[in-house]
Amino acid sequence: MSYVVSRDFSMCFDVAFRVRMHSENKDDPGSLLECLPPIDFCCIYGSTLHPNNHEKSKMVDYIMGVSDPLQWHNENLKMNKDHYASWMAHLGGAKLVTQVADKVGVGVHFNPFVTYTGRLFKYGVVRMNDLVEDILQWKKFYLSGRLQKPVRVVVDNLDINNLNYVNLRAAVSAAPFLLPAKFTEANLYAKICSLSYMGDVRMLFAEDRNKVKTIVTGQFDLFASMYKQTLEGYAAKDVLKLSSLKRPSAPISQDQE
C-alpha cells in the first residue's frame, strides 16, 4: 500500500499544534549531506543533541528518507563506495543493500563509521513510504519510536515534521496506560522513551540499563518543547490534568475509572 503525504495535510491542524520536533536552523554538523545524493528527509538523533555535549569526537547519527533506496544507493555507491561494507559493495551493490534492509532489517540500511570533514558519522537510509507508514501505523515501531524522542530536522521536503504530530499524540495516548494515576512530567517522557525499547533484547545485555533515564535527564527541555502542545491539547479535553509544565517534577494526573 502506498502512502502519499498531501500538501493539504498541514491545514488539518492549527499552526500552534504543529509537531514540536527539535527543529533548528543550525548548521548540519560536518555538512555530511554535501557529499551524498539528494534526499527528501533527514534528522540528527542521539547523544549529540544533548545540550551539554560539546565533544566533537562523538559519532553523529542520521536518519535519511529517500523516494527510491535502490536508485539512491546506486548513486551513492558511485560517489561514496567506501561508506559501505566492502562485501556488500562488491557482491551485490545497491540491489543487495536494499534487499537486506527490506527483508532482514527494518527497512533501514545503516552506514556507520563514516569520516567526513574530521567528524565521525552514521547514517541510515529508509524509503519515504516506509517512514510515513511507520509514523502513522507503528508497523515496525523503529522509526516512529525514534521520532518520539528529540531529533534535529535538517531536511524535510514532505512535511514529515508536521505528520509526526500523529505519532506524538499516539505516544502520549499509550504511555499513561503504563503509569499510575499520578506521575510526573519526567515519568511520562521516560515511559514514552521506553516504548520503543520494549522487546529489544539489546536492553538485556548490550545496552545501558539506565539509558532511558539518561536520555530524559539529558534532554528534558527538548522533550518538554516537543510535547508541550500535545499535552496542553489533552488537558483541554480533560484527558490529563496538568499543573505547570517544563519541570521534571511537574505533576500530571489521569482519570483511570
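The model is predicted, so local features need pLDDT of at least 70 and side-chain atom pairs count only at pLDDT 80 or more, while totals for chains, interfaces and linings use all residues. Residues are numbered from 1 along each chain as its sequence is written, and side-chain values use heavy atoms, with hydrogens and water left out.

**Exercise 1.** Find which residues of helix H1 (residues 69-79) are buried, and what covers them.

Solution. Helices (H or I, at least four residues) and strands (E, at least two) are DSSP runs numbered from the N terminus. Buried means under 20% relative accessible area (1.4 Å probe, protein chains only).
- Step 1: Pro69, Trp72, His73, Asn76 and Leu77 are the buried residues of H1.
- Step 2: These residues lie on the same side of H1, because they cover an arc of only 135 degrees around the axis, taken from the directions from the helix axis to the C-beta atoms.
- Step 3: Their cover includes strand E2 (60-66), helix H2 (86-91) and strand E4 (119-127).

**Exercise 2.** Now do likewise for helix H7 (residues 165-174).

Solution. 
- Step 1: The buried residues here are Tyr165, Asn167, Leu168, Ala171 and Val172.
- Step 2: An arc of only 160 degrees around the axis puts them on the same side of H7.
- Step 3: Among the elements that cover them are helix H4 (128-137), H8 and H11.

**Exercise 3.** Describe how helix H8 (residues 185-195) and helix H11 (residues 220-236) cross.

Solution. 
- Step 1: The axes, lines fitted to C-alpha atoms over the stretch in contact, come within 11 Å and cross at roughly 95 degrees.
- Step 2: H8 is therefore roughly perpendicular to H11, a term for angles of 65 to 115 degrees.
- Step 3: Contact (heavy atoms within 4.5 Å) involves residues including Leu188 and Ile192 of H8 and Phe223 and Tyr227 of H11.

**Exercise 4.** Is Gln254 buried or exposed, and which backbone oxygens does its side chain reach?

Solution. 
- Step 1: Gln254 is found in strand E8 (residues 251-254).
- Step 2: Gln254 counts as buried because its relative accessibility is 16%.
- Step 3: A polar atom of the Gln254 side chain lies 2.9 Å from the backbone oxygen of Pro176, and the side chain reaches the backbone oxygen of Leu179 at 3.5 Å.
- Step 4: Not counting residues up to four places away in sequence, Gln254 also touches residues including Phe183 and Val239.

Definitions and conventions. Buried < 20%, exposed > 50% of the residue type's maximum accessible area, 1.4 Å probe, protein only. Axes fitted to C-alpha atoms, helices over the stretch in contact; angles between N-to-C directions. Parallel < 35°, antiparallel > 145°, perpendicular 65-115°, else oblique. Polar contact = N/O pair within 3.5 Å; in protein donor to acceptor, adjacent residues only side chain to side chain.
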